Structures are given as structure tokens and as C-alpha cells.
Amino acid sequence: MSVKMEASAGGMDHNKLLAIGLIGALICIYLVYLNTLMSTQVFAFFGGLAAVIALWWGTDSIKKLCSYGLGTGVPSAGMIALGSGVVAMLFATKLAVISPLLVPIGCVVVAAILGAILGFISDKVLNMNIPVMTRMIAELTVVGSLTMLGFTAMVAGTFSFGSLILGSISVMGLAIPSYAASVIGGCVIATIFMLGAIAIQHPFNACLGPNESWDRTQMCALECGFLSMITVAIMSIVFLSFIAVVISFVVSIILWGWSYSELIKLSKRDAFAWLDAKPIREVGGEQ
Amino acid sequence: MSALGGGAAGGEGINPVASVIALVIVLASVGIVFILYPAALIPLIGVIIGGVLISFGVHFVPVGGAPAAMGQAPGIATGVAMLAAGGGLAGLFGGAWAAGHGLWIALGAGAMGGGVLMAITCLMVNVVYVFEMGIPAASGKVDKDPITGDTYPAYRSQGTEGHGLPFISYVGGVLGGILAGTGGTLIYLQLLAVYQGAFASWVGITPEGVATLAVSLAGIFAVGMFLVAAVLTAYNITGTIEGPHDPKFKRWPRAVIGSSAACAACGLVAILLVVI
């Protein structure tokens, strides 16, 4: 049994945060489906928003999990989240064969089952004995899969397996279908994997410590998410129409600029609170 | 060492009930694949063996973490997940390039990829420790090197658990890289075989299409499963380990059970992709 160290007091209740994160991310991913309904590509940026909302929730889950001594550092939790999330997410995109509307919800269900198994293994088989471990690993797997699904939807404008494996290359003005020029065939998904992993493992790893405050950590999560979103918007040049890419890029840049300036404000606020040298605050728990 | 300074978790011993449940997960996954897609039965078993190899191999790798960076503990100064990802993925890529030359050559290439990366890492780590930080290699867990017979207590600084990278840890690192590289390559090759077999039957797909999709999907799934197995092993080690001579090395059975169950579940999902 490990000792719990309270990371930061206050902030939003985790269950409320979970509800907002899960429902918000799902709604945003479903909004990407408007692309298919209205035969356009301009709604692709909702995928990125879904990923950022999921990352915002995942950062709090990582914080809850890492309040206990994992012994391996914060990034490992991000790696297991994305590693299992990508398995669940790729499987879920194949559900589009039955109905495209099944993909986001199927992604959550498969990821939750997979995450619960992984959480059970870490908690009970590996004898970690951390009370919240099963739940938090399951949450993180869902977060990882939703992040991947969101960014994939943003880069491709769709989330069905058939469209993700078949791109097209232009030869002398003629569009020729090509498997190598697709999201999965071109392994763009590997880049998305790392963009998501960096965005989920960085915020709490950067903000932890006796002076950690809830709003700054969460704002750092938003900032990392929007930064990844800018990169995904640039990658989508290959797959989407010019106007859709411009909308994605402008939305990402504006939101990133806002979150970055907010993060700097919060950082200055927390730094000011330590202006006069004080002894390091005791964060509770027994060594 | 935890991120927040709390005591690291992870008790000793095996939890029998949980281990049986994990083995049931393995058997259930194999059973489901046998019923739904018998052609993928052997590949799934290969994936599970790959997970076991990764998990066993990671235990050999000398992980020092933050204390090692400060010269207060032996090992390579980073976390288990990062080291395993470095060594194992180098092996996986090495093996993937040789995939066209048959199973054994590809596995050998994977093993060499992982082993060479770890050998270079360990060498450069010791160069930095000895010539830049000015600390000798001394194990904190044993007084005498099991291979060379060198004695350590005279070189161990007070207040530390040893420092540097002793010879036994170097050997452990290379062995770990070889095993983890083989495991990662095995997972990749088995999934590649499943996807190549399944996609070839699709209507209107070109041979290049089959090859491209199978390589991409098998690659990203192998990376995902590799990270899952490596992080579960990292949780089992809870932080730092010196190598095969460390008492924590004896914990490997439960990591092997856990990783086999995790890889069975992930492999099942990866194989079900071609069933629906």
C-alpha cells in the first residue's frame, strides 16, 4: 500500500471533470461527422477540439494516479494511455463498416474494457495496490483513444476505416487512389501518436511540486493540446481542402495564443505568491 | 523515487487470485480468436510470447532514474519506459527491415538492433559518468561483481546506493535490449502475417496496398503493445533496478503474467480488426 500525496487542493471535482471531458469529446467527434452529412471538410477542426477536451480531462486523471507513488515518473502513465488507446481506436474505426456513428462510442467502450484489464493487471497482478489505479488507467486509456480519434478525425476529416486507409495522389491533374497516401498507410498515425503522448504526459510532469495549482496545470494541458492541434492542422494540408485547413489552422492558432497567454498569467500569479522566500510548503502524507 | 516524493508502491510476492484471473484473460483471448478467426491463433500466441520476452527483457535493463543522474544510484539516468522504448523500438525497426528475409533472420536482426542500441547507450553512459562526472562504477546491491569478481565497497561513496554502471549492469543492459528487441519484432511479424493474409482477400486491393497497410497497421500496433508491456514492467520494478543481480529482479514472474495478459487482450483487439 502506497502513501497518497495530495497534489493540489481545490479545483473541479474529478467526476464532474470526467463527465465534461467524456461528453464534450464525444460531441465534438460526432460534429466531425457533419463533414460526411454535408459533403464538406470544414468541420474537421472539431476533431482537434475533441482531443484537447480529452487531454484536459486526462491531465486530471494522471494527477489523481500520480498522487500515489508510481515509482516510474509521470510520462509512463501517458505512454500506457496512448499505447493501449491506439489499439482501441484503430479497432473502433473499423466499426464504421457497421455504422459510422458507432465509431466514437465504440472507441470509448473498447478502450474502457481494455483499460480496465490493464488497470487490474497493474493494480492486482503487479501488486501496486493503489486504490484508484484500475479506474484511472481505464480513464487514461479512454483519454488516449479519444485523443487519437480526435486528431485522426481532424487530419483526415473523417473517422471511418475505409477513408483512413485510402488516400489519393494527383498525377498530371488526375486523382489516383493510393493506399500509401492515406492516414494509416502513410503512417501519419504514428506522428499523431507522439503528438498525443507528449500532450498528455507533459502538463502534470511540468507543473507538479509543492506549488502546483489546479488551474495552472489544466491550462498547461489546454496549451499543450492546442500546440499539438496546430501541428495536426499543418499535417492535414495533405488530406483536406485548402479552406478546411485554413479554418483548422486559424482556430488552433487563436486558441493556442489564448491558452498560452492565460498560462503565462497563471504562472506569474503563482510565482508572485512565492516572491518572499518561504519554507517549502508541506503537502501532507507520511513518508 | 516517485514524482511527488511519496514512497514507491509495489509489494513483494505474487497475488494468486489475480494471477489466475490474468491467465484466464490469456486463455479467453486465445479461445475467442480460435472461434472467430482460427488462422490468427498461432500469431496471437506469438504476440503473447513477444509480450513475455519484452517484459522479461526489461528487467535486465539497469534503470537509474533521477538518482542516477545525480550520481547517487547505479544505472542509466532515465525511466524504465523511456529506456525500454529506446532499446525495444530500435530492435523492432531493425527487425522490421529484415522482415522479408524470413522469421529467424528478422528476429535476429531485431535482437541485434536492441542489443547494439543498449550497448552503445551503456558505453556512453559510463563515458559520461567516469570522464565527465568523475565517479567510478560501483554497485550498491552486491559487494562483488558476479562476472568479473571486482569488489565494490571501497569505491562506493557514503550516503549513496552506489553509482556509475558496473560491468554486470552493462551485460544486463545488452541482454535486456536483445530480449526486448526480439519480443517487439516477434509481435510485429505475427501481426504483419495476420494482416497480409486478411487484406489480400479484399476486393479491389493492389499488392502494394496490402503491403503498405499491413506494414503500417502492424507497426503502430506493435509500438502500442510494446509500450503497454514495457510500462507494466516498469510498474512492476517501481522505479530503479540495477540489473540481473538486483533483488527486484526476482519479481519478474508477475510482470510476465501481467504482460502476457495485457498483450493477449491488446492482440485480441488488433486481430478482431480484420474479423469485423
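Helices H3(A) and H4(A) cross in a right-handed sense. The model is a predicted one. H6(A) also has a partner: its crossing with H8(A) is right-handed. Two packed helices are described by the angle between their axes and the distance between the axes.

**H3 and H4 of chain A**

- H3 covers residues 45-66 of chain A, and H4 covers residues 75-94.
- Their axes lie 10 Å apart, at an angle of about 125°.
- H3(A) and H4(A) are therefore oblique to each other.
- On the H3(A) side, the contact is made by A:Gly58, A:Ile62, A:Leu65 and A:Cys66.
- H4(A) contributes A:Ala77, A:Gly78 and A:Ala81.
- Five residues of this contact between H3(A) and H4(A) are nonpolar, two are polar and none is charged.

**H6 and H8 of chain A**

- H6 runs over residues 133-156 of chain A, and H8 over residues 188-207.
- The two axes come within 10 Å and cross at roughly 130°.
- The pair H6(A) and H8(A) is therefore oblique.
- From H6(A), the residues in contact are A:Val143, A:Gly144, A:Thr147, A:Met148, A:Phe151, A:Thr152 and A:Val155.
- They meet A:Val188, A:Ile189, A:Ile192, A:Phe193, A:Leu195, A:Gly196 and A:Ile200 of H8(A).
- The contact of H6(A) with H8(A) holds 10 nonpolar residues, four polar ones and no charged ones.

Conventions. Residues numbered from 1 in each chain as written. Chains lettered and ligands numbered in written order. Predicted model: local features only at pLDDT ≥ 70, side-chain atom pairs only at ≥ 80, totals over all residues. Axes fitted to C-alpha atoms, helices over the stretch in contact; angles between N-to-C directions. Helix = DSSP H or I, 4+ residues; strand = E, 2+ residues; numbered from the N terminus. Parallel < 35°, antiparallel > 145°, perpendicular 65-115°, else oblique. Left-handed = near helix turned anticlockwise from the far one by under 90°. Contact = placed C-beta atoms within 7 Å. Nonpolar A, V, L, I, M, F, W, Y, C, P; charged D, E, K, R; others polar.
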